[in-house]
Structures are given as structure tokens and as C-alpha cells.
Amino acid sequence: MARDFTIRDILTFSILLFQGCLQTAAPPADEVFEPAPVGSVALKYAEKTPNEYQLLDIAVNVFDVELHANESEQFGDWIFSEIRKNETHYLPYVLKETLLRSNQWGAVRVLPDNDPSVDLQVKAKVKASNGKRILVHIEVVDSTGRVWLDQEYLDLASEDDFSDRVRITPGQPFVPEEFVEPFQDIYNAISNSLVKFRSALTEQELVDLKRVSEMIYARDLAPESFDDNLFQDSSNLLTVVSLPAEDDPMLKRIEEMQIRHHLFIDTVDEYYRSLYEQMQPSYAVWRKYSFDQINEDTKAAKQQYDFQNYGQSGSYRTLTQRYDRYRWSKIFELEYREISAGFNNEVGPAILELNKSVHGLSGTMEEQYIQWKRILRQLFSLEAEIPN
């Protein structure tokens, strides 16, 4: 027998439908096999400066980024892609600062591309990043071709990771010295992993590694002179088969060129430092708003109704509160979009400053870096032709 639908039936169905729309979405397929979060990680600090052969020079390349369609749709294609693009310059400097703070390494620089003069190359792809979580894939390879790291690291932020100092007001300006990176644990974990791998290598292996680095740089400048000094074994690892004499004039020129090269890449690293400092306040605010937005969405999705007491007067109040929460979440989302756009507008001039000419070069920092290496090779060839 067909029944007539009452107002209560219609309201109950509406609430069920509304609740279903607000349920937490199933995790994307690419998040199912994510690594466990790193948790709380203390940085392994060297109280005593390590031996010379342990002080490897490191280049942290500008990070790559992996964009996801669902994230782009949530935040807006332009805003989201710009934020992810900008943070690829910011995050590597955080890792560089962590490596230096550990007192475990030699020179550590942020560079736009692989550099032939360093011992370790660090590459990273940001697979997910917002105020709540960060997932990065780290690959670290030394100059011999030996892989030190090739894994993913995940870190989750909590309310305690965000200081009240992130909330910038006219009476409370941003103070860099008081800022604590909310995802510092992930950088500590990466640094500790590198220290652990290095500790498994013998002194001779580390000495050989540095020699390979020297010959790779020499070969990069003068392949016709130094190509035979290196040999690639069956494991695709490079080894030095012969070293030039210490008083070799060609080697002397190589060392002089390397000094010039290091001055240049120190300048490049300084530009990334300047960019990092300019980005830090607005990026810190954006991540805090992102954290709050995600928490707000999670609370809205998990809130449940008490259907047994729906007929009581409190049920209508619950529905009203639910609607108010939904309305305020939309207002918050609009604010979040404005904050995100504001972050990109703040960072834009800093990116332009980074790409200004260095030592007479032009183009983006990546293009200037390529130009410099080409000029250095040409300069070396010209000087080699000049008789002593």
C-alpha cells in the first residue's frame, strides 16, 4: 500500500542526501601506498666537525612538482599551480639549511641543475603539499653514480606545529628568528638518512668519491684531456684509473676555474636565499590558512546527526547549525583563495628578482646557469691556448 510522504520524511531524506554529499571522499589511488609518516625526528647534529674526507659538497636542485587534477580543481588551476611552482624554489632551501645545521657536510648550495663540481646531487619531486601534509620523493646520487637515497618521505602537521606568530597583524609582524618550520621533521629525516648512508662507507670509499668528483669537473671542462682518467665499471659506477701529476699545468688551470665556478654558484645560492627570505612570511601564512581550511572541511564531513531525536526541537537547531557551518566554510574557502592569490602576488616580484642577470647573463636562473657553464668551458679553452 502506497504511503503519503510527510514533511518529516522529506526533511529526513534531505538530511541524508546532504550528509552523503559531505562525506569524506575516498583517498586517491596514488595515496593508498604512501609511506608511514616520519613522526617526530630529531636532527643528528655533529658536535665535532667530521673528518675532511667526510665533508662532502652537496647540491640541492630546485625541486620538481607533481600536480594532481583533484587538487587543481579544489583550489583553482591557476592559483594552485602557481603556489606549487613557487614552493619548488622555497622547499630546497629549507633542506639546505637543515643539512648545514647538522654540521655533517661541506658546502651545501641550492642550484637550478646538476653541478659537475659537487660530491652529492639531491633531487626531489613534491608529490603532495598543503598545510596539513607534505609528501616528497628524494633521490640522492654521488659523483660515482652510487645511489644514496631513492624513497618517499611523508610528514603530517598538527596544530602544535603552527606557532601563533604565523598570524601576522600590524602589532605582530613576522619574525624569521621565531618561525619554526611546521614540517621540519621531514627534512631532519632526510638529513639523518644521508648521515646513516655515509657512515656505512669506508674512509677509502669517501676519499675515492672526492677524487672522482675532481676528475668529473676536469672532464667537464676538458673532456679531450681527462676522459681517460675515469672508468665506468660493470655496475655503472665511476672510478679514477689515473690521476694527473700535482704540478700538471692543465690541472692547475682546472683548479683555478673551479674557484671561479664556486664563486658563481655561491652567488646563485645567495639569490635562492634571498628568494627564500622574501617568500617565508607569505608562505607561512598560506600554509596556516591551508591547514585551517582542511581541518574545517574534515569537521564538516565528519559531523553526524542524531536521527533518533530528530522529531525534537533540538533537531531543527542541529540542521540550522549544520547549514551555518556549511555557509561559513564557503566564506572561509573564498578567504583561502584570496590568501592563495595574495601569496602568489607577494612572491612574483621575488621570482623576477631571482631571474635578473647575474654577471652579465640573462634569462631565468636555469638559463643563466647553462650559459655560465658554456662560458667557463670557452674561457678554459682560450686560456689553455695561451702559452705560459
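Predicted model: local features only at pLDDT ≥ 70, side-chain atom pairs only at ≥ 80, totals over all residues.

I started with N103, which sits in the loop between α3 and β3; helices (H or I, at least four residues) and strands (E, at least two) are DSSP runs, numbered from the N terminus. N103 is not a glycine, yet its phi is positive, about 60 degrees. Most residues other than glycine have a negative phi. With 23% relative accessibility, N103 counts as partly exposed (buried is under 20% relative accessible area, exposed over 50%, partly exposed in between, with a 1.4 Å probe and protein chains only). I found another such residue in N236, a non-glycine with a positive phi near 65 degrees. N236 lies in the loop between β7 (230–232) and β8 (238–240).

Residues are numbered from 1 along each chain as its sequence is written, and side-chain values use heavy atoms, with hydrogens and water left out.

The chain's mean pLDDT (the predictor's confidence in each residue, from 0 to 100) is 76, and 66% of its residues reach 70 or more.

**Overall make-up**

I count 9 helices and 8 strands in the chain. Of its 388 residues, 44% count as buried. Taking contacts between residues at least 6 apart in sequence, 75% join residues at least 24 apart.

**Rings**

Searching the whole structure gave me 5 aromatic pairs (rings of Phe, Tyr and Trp, using the six-membered ring of Trp, with centres within 6.5 Å; planes under 30 degrees apart are stacked, over 60 edge-to-face, the rest tilted). W105 and W148 have ring centres 6.4 Å apart and planes at 55 degrees, so I logged the pair as tilted. W105 is in the loop between α3 (77–101) and β3 (108–111) and W148 is in strand β6 (residues 147–156), so the pair ties together parts 43 residues apart in sequence. Buried or exposed, these two, W105 and W148? Both are buried.

R198 lies over the face of W105, 4.6 Å from the ring centre (the rule wants NZ of Lys or CZ of Arg within 6 Å of the centre and within 35 degrees of the ring normal). Elsewhere in my ring list, Y90, Y93 and Y276 are linked into a cluster by ring pairs.

**A strand residue**

V141 belongs to strand β5 (residues 133–142). Leaving out residues up to four places away in sequence, V141 touches D119, L120, Q121, R146 and V147. V141 and K123 are 18 residues apart in sequence, and their C-alphas are 8.6 Å apart.

Technical notes. Contact = heavy atoms within 4.5 Å.
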